[in-house]
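Open the model in your viewer and keep the selection tool at hand. The tour below goes from stop to stop, saying what to select and what is found there.

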Amino acid sequence: MIPRVRAPELPQKYSWLNTDKPLSLKQLRGRIIILDFWTYCCINCLHILPNLKYLEQKYKDSLTVIGVHSAKFDNEKETENIRQAILRYDIEHPVIVDSGFRVWQEYTVRAWPTLMIIDPEGYVIGSVSGEGNRDALEQLIQQLIQQHQDQGTINFQELSLTLEKQRQPLITPLAFPGKVLATPAGLFIADSGHHRLVMSSFEGEILYLIGTGKSGLIDGAFNEAQFFAPQGMAFDAKNQILYVADTENHALRRVDLKHQIVETIAGTGEQSHNIRPHGGAGLETALNSPWDLVKVGNTLFIAMAGPHQIWQMDLETGVIKTYAGTGAEACVDGSLTESAFAQPSGITTNGEELYIADSEVSSIRAVGLVEPRQVRTVCGNGGLFDFGDVDGQGENVRLQHCLGVEYVQNYLWIADTYNHKIKLVSPSGNCQTVLGDGSAGLQDGQGKNSYFFEPSGLSAGGSHLYISDTNNHAIRRVDLKTFEVTTLQFPGLCAPDVCIPLNL
């Protein structure tokens, strides 16, 4: 008989979130516990959150999920930054900040995400890593409930928690804006935390609100349509069409400004688990966390974060398929079919190459659009654990989970997200900090005297650069001549359900 292993107790003096007091396994005896070892940069960790929410809501009288945040990046070790991630992803279970990987090591975890299952008597009975395990977990939970009900060792009662979103409701006019797009028609903002798109003038006058503000996948008129944490956008000025990466719906949406209609053009609404290069008709092909878009001619190129690939969609035929990347999470240069990426989250182009913010390897990559169609690394070392904050040349550059990139007049602007900076990269791969000093905050000013908080999108329009300052719930505007940073105001813009906006 295999000996059972008692689950190591959780540290009580560490920081805990989504609860007003630390939780102990001893206090939770009689309940099934799932420990979710995660880090908030990780797309795979984000993908299992809906499964955990389903399970914790369905079995709330017998199951407790506890997030164990074991940080990959330095920036993710800060408790306040983890709190913001909990708010952004609407996490409703307790989270312990696993300082120094103590809990990770005690449970001999090897990968993000890992789920550790503890039975009502306090013994570890199994673990599973990666995505797509909901059905197996539910079957195990049901077996444990039956077994321990028969033994009289289960304690049916709902756990009362004080959530971060109760302490800090998302009532700001914008909530965690992911991407921003400056176009001849105006400014488009992916108001990701409010599950909608905002279109404004460059001075902040609201022109359209697109989406109800509730998460969902519904086509139709602007005031009926629903999105789920939309991110990147691309604009067809001639036809007045906005294309949207509807990230958590795993879909691409088409917003017709003339007719004020939203329709889905790719994705089934379900996440694809096929990481091999493939494709098919847009509406018949499941996608996996499309994060950003750029339009070249009649082709939409997609930074597909989930399978670590770059995709393309022919807007005439509706066919969507992998353009570059094997599906391995790595930094591999070479041909399109040999190359590998690591959670690509930003995309832009000069017409000859695509430029990618390859977030998990903290690098900027280039992908050829003309023969010989090669993939190369512009700057950054390309290692999954090679990150930092070092300006310089090529492979000597260190970024920290960069999410945004914008091509402007032969230079690349970079949202160096976890360094809270905006950097400028030359054609030769020389990278220099232009805005921000590395401190997380909200401060207008010139150049490095300005502060940001995890900026993740940027777009140039005219003589200005617009920045999605995600954790500040703000859009910042930069004068490209003086590098003066100001915060855009949006009079009349409200959070959904907070006030009733004017009929736009």
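**Stop 1: the cavities**

Select helix H2 (49–58) and helix H5 (134–151): each supplies at least two residues of the lining of the largest cavity. The model you are viewing is predicted. To complete the lining of the largest cavity, show Ile48, Asn51, Leu52, Leu115, Gly130, Asn133, Arg134 and Leu137. This lining divides into four nonpolar residues, three polar and one charged. The space in the largest cavity comes to about 40 Å³.

How many cavities of 30 Å³ or more does the structure hold? There are two. For the second largest cavity, select Leu49, Lys53, Glu56, Tyr89, Asp90, Ile91, Glu92 and His93, which line it. Its volume is about 30 Å³. By class, the lining of the second largest cavity has four charged residues, three nonpolar and one polar.

**Stop 2: salt bridges**

Side chains of opposite charge can pair when their charged atoms come close. The structure holds 28 salt bridges, and a few are visited here.

Select aspartate 191 and arginine 196, whose side chains meet in a salt bridge at 2.8 Å, N to O. Both aspartate 191 and arginine 196 are buried.

Next, go to aspartate 358 and arginine 365. They form a salt bridge in which the closest N and O atoms are 2.7 Å apart. Aspartate 358 counts as buried because its relative accessibility is 0%. Arginine 365 is also buried, with a relative accessible area of 0%.

Now select glutamate 203 and arginine 477, joined by a salt bridge of 3.5 Å, N to O. This pair links distant parts of the chain, 274 residues apart: glutamate 203 is in the loop between strand S10 (196–200) and strand S11 (206–210), and arginine 477 is in strand S35 (residues 474–479). Is glutamate 203 buried or exposed? It has 60% relative accessibility, so it counts as exposed. Arginine 477, at 16% relative accessibility, counts as buried.

To see a network of salt bridges, select Asp389, Asp391, Asp416, Lys421 and Lys423, which are linked in one.

**Stop 3: aromatic rings**

A search of the whole structure finds 15 aromatic pairs. Select phenylalanine 73 and tyrosine 418: their ring centres are 5.5 Å apart and their planes lie at 80°, so this pair is edge-to-face. Phenylalanine 73 is in the loop between strand S4 (63–69) and helix H3 (79–88), while tyrosine 418 is in the loop between strand S29 (411–416) and strand S30 (421–425); the pair links parts of the chain 345 residues apart. Both phenylalanine 73 and tyrosine 418 are buried.

Move on to tryptophan 413 and phenylalanine 483, an edge-to-face aromatic pair with 6.0 Å centre to centre and 80° between the planes. Tryptophan 413 lies in strand S29 and phenylalanine 483 in the loop between S35 and strand S36 (484–487), so the pair ties together parts that are 70 residues apart in sequence. Tryptophan 413 is buried, with a relative accessible area of 5%, whereas phenylalanine 483, at 27% relative accessibility, counts as partly exposed.

For a cluster, select Phe37, Phe101, Trp104, Tyr107, Trp112 and Phe385, which are linked by ring pairs.

**Stop 4: charges over rings**

Finally, select arginine 476 and phenylalanine 452: arginine 476 lies over the face of phenylalanine 452, at 4.8 Å from the ring centre.

Technical notes. Residues are numbered from 1 along each chain as its sequence is written. Side-chain values use heavy atoms; hydrogens and water are left out. A salt bridge is a side-chain nitrogen of Lys or Arg within 4 Å of a carboxyl oxygen of Asp or Glu. Buried means under 20% relative accessible area, exposed over 50%, partly exposed in between (1.4 Å probe, protein chains only). Helices (H or I, at least four residues) and strands (E, at least two) are DSSP runs, numbered from the N terminus. On a 1 Å grid over the protein atoms alone, a cavity is a set of points where a 1.4 Å probe fits but cannot get out, and a pocket is an open set with protein on both sides within 12 Å along at least five of seven lines; lining residues have an atom within 4 Å of a point. Grid points are joined across faces, edges and corners, and a volume is the space filled by probe spheres set on the points. Ala, Val, Leu, Ile, Met, Phe, Trp, Tyr, Cys and Pro count as nonpolar, Asp, Glu, Lys and Arg as charged, and the others, Gly among them, as polar. Rings of Phe, Tyr and Trp (its six-membered ring) pair if their centres lie within 6.5 Å; planes under 30 degrees apart count as stacked, over 60 as edge-to-face and the rest as tilted. A charge sits over a ring if NZ of Lys or CZ of Arg is within 6 Å of the ring centre and within 35 degrees of the ring normal.
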